[in-house]
Amino acid sequence: MTIIYENTSISPEINKRLWEMPKVEIHVHLEGATDAATVWKLAKRNKVTLPAATLEEWQGMYAFRDFDHFLDIYLLATQCMQTVDDFAFMLNRFLAEQARQNVRYCEVFLSASFILDKFPQDEVIAVFAEGIKRGKEKYDIGLCFIPDIARHIPETRYRVLDFILEGRDAGVFIGLGLGGPEAGYPPELFADVYEEARRQGLHVVAHAGEVVGPESIWGALNKLKAERIGHGVRSVDDPKLLEYLAETQIPLEVCPHSNYRLKVTPLDEPHQIRKLVDAGVCCTVNSDDPPMFSTDLTSEYLLLAKQGFSWIELWQLNRNALEASFLSEAEKVKYRAEWDAFYAMEK
Ligand SMILES: [Zn+2]
């Protein structure tokens with residue numbers, strides 16, 4: 001079964017606009033943005049054994065049964081990323097892919113809990129600094145990183161924070177995130193490290209309300225003081241929460257294909273973002289782990305167009321991503337001018 005309205009055709013004009021419009025992406029994981037063939041290549045290079053005899057078999061394993069199955073594959077993929085050069089390679093591919101879609105600025109997650117023991121921190125930070133420089137010089141793309149704690153290894157949380165602080169001083173990292181399995185690892189477990197991160201002046205965000213219901217989002221808001229919520233789609237189950245999100249305009253980083261592929265959203269239902277937008281919640285559109293979910297940022301907008309979102313609504317979602325980003329006001333002014341110029345041309 002395919003995603004509802006996925007096969008609906010849309011006008012060539014809308015298709016072209018969505019590809020060409022300047023975009024911001026604020027919820028995408030570097031490791032998850034690495035395609036199956038690249039992971040396979042890294043596995044061979046680093047002599048990591050994957051539970052598949054051929055590349056085709058490995059690619060076939062990307063048909064996920066649910067979130068836990070996805071996480072198993074994601075963790076296997078991260079094990080193949082062994083050297084600083086691997087990360088440089090992944091970053092180059094990521095930048096080329098974002099440039100292809102006219103993504104002008106991205107805030108990218110790193111699964112920091114898995115990086116800590118692999119290489120000296122300063123070497124990793126140098127690679128990301130180089131990636132930022134290359135993004136600017138070669139593609140004119142703004143780039144920064146938000147390392148996250150893997151929830152199922154909470155004992156890594158302070159080491160992740162130290163890593164972030166070191167990278168912040170090098171101008172590479174801007175905040176702290178929380179990823180991994182939501183069930184069994186509620187936000188409350190991380191209240192201490194989030195408090196310290198905020199005290200240190202870092203931005204804080206958290207995945208919540210993807211696999212677990214509204215209580216997880218309330219926890220991320222009240223206990224972690226998250227400035228943005230990753231996914232948050234389960235807030236549709238709690239009218240009070242919807243009201244709170246609409247009133248505060250705390251942005252949700254919505255990733256439609258990810259939700260369908262991991263069965264967070266039933267395939268025969270329109271995505272929850274319709275209800276969220278109608279309730280006045282500030283939503284942004286993102287691709288999460290694009291090649292793992294056979295998507296990219298543009299395809300996320302295309303899917304919403306097929307599910308009935310108008311051009312004006314899609315454009316507003318795109319503007320929301322710019323405003324919800326952690327760019328400085330001066331940088332936002334610069335990007336807004338670019339956005340306005342595109343919009344004026346398309347009117
Ligand atoms: Zn995510």
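K225 lies in the loop between α9 (214-222) and β6 (228-231), where helices (H or I, at least four residues) and strands (E, at least two) are DSSP runs numbered from the N terminus. The structure is a predicted model, in which local features need pLDDT of at least 70 and side-chain atom pairs count only at pLDDT 80 or more, while totals for chains, interfaces and linings use all residues. Residues are numbered from 1 along each chain as its sequence is written. Although K225 is not a glycine, its phi is positive, at about 55°. K225 counts as partly exposed because it has 14 C-beta neighbours inside 10 Å; a residue is buried if 20 or more other C-beta atoms lie within 10 Å of its own, exposed if 12 or fewer, and partly exposed in between, with C-beta atoms placed from the backbone.

A positive phi, near 55°, is also found at D140, a residue other than glycine. D140 sits in the loop between α6 and β3 (142-150). With 9 C-beta neighbours inside 10 Å, D140 is classed as exposed.

Helix α5 (residues 84-100) and helix α6 (residues 121-139) have axes that come within 10 Å and cross at roughly 25°. Axes are lines fitted to C-alpha atoms, for helices over the stretch in contact, and angles run from 0 to 180 degrees between N-to-C directions. The helices α5 and α6 are therefore roughly parallel to each other, given that angles under 35 degrees count as roughly parallel, over 145 as roughly antiparallel, 65 to 115 as roughly perpendicular and the rest as oblique. The crossing of α5 and α6 is right-handed; a crossing is right-handed if the near helix is turned clockwise from the far one by less than a right angle, and left-handed if anticlockwise. On the α5 side, V84, F87, A88, L91, L95 and A99 meet E123, V124, V127, E130, G131, R134, G135 and Y139 of α6, two residues being in contact if their C-beta atoms, placed from the backbone, lie within 7 Å. This contact of α5 with α6 has nine nonpolar, two polar and three charged residues. In this classification, Ala, Val, Leu, Ile, Met, Phe, Trp, Tyr, Cys and Pro count as nonpolar, Asp, Glu, Lys and Arg as charged, and the others, Gly among them, as polar.

Q98 is also placed in helix α5. Q98 counts as buried because it has 26 C-beta neighbours inside 10 Å. Not counting residues up to four places away in sequence, Q98 touches V103, C106 and I141. Q98 and L75 are 23 residues apart along the chain, and their C-alpha atoms are separated by 23 Å.

The loop between β2 (103-111) and α6 contains F114. With 18 C-beta neighbours inside 10 Å, F114 is partly exposed. Its contacts, not counting residues up to four places away in sequence, are T78 and A150. F114 and T156 are 42 residues apart in sequence, with a C-alpha to C-alpha separation of 9.1 Å.

Helix α7 (residues 157-169) packs with helix α8 (residues 191-199) at an angle of about 15°, the axes being 10 Å apart. That angle makes α7 roughly parallel to α8. The crossing of α7 past α8 is right-handed. R157, Y158 and L161 of α7 make the contact with V193, E196 and A197 of α8. By class, the residues of this contact of α7 with α8 are four nonpolar, no polar and two charged.

Helix α1 (residues 12-20) and α13 pack at an angle of about 150°, with axes 9 Å apart. This angle makes α1 roughly antiparallel to α13. The crossing of α1 and α13 is right-handed. From α1, I14, N15, L18 and W19 take part in the contact, and from α13, T298, Y301, L302 and A305. The contact of α1 with α13 has six nonpolar, two polar and no charged residues.

Helix α13 (residues 297-306) is mostly covered, with seven of its ten residues buried. These are L297, T298, E300, Y301, L303, L304 and A305. L304 is also one of the residues that touch the most other members of the largest nonpolar core, which has 93 residues; the others are V108, F145, A206, A220 and A226. A nonpolar core is a set of buried Ala, Val, Leu, Ile, Met, Phe, Trp, Tyr and Cys residues joined through C-beta atoms within 7 Å. Leaving aside neighbours within four places in sequence, A220 is in contact with P187, A206, A208, A226 and I229. In soluble globular proteins, nonpolar side chains tend to be buried together.
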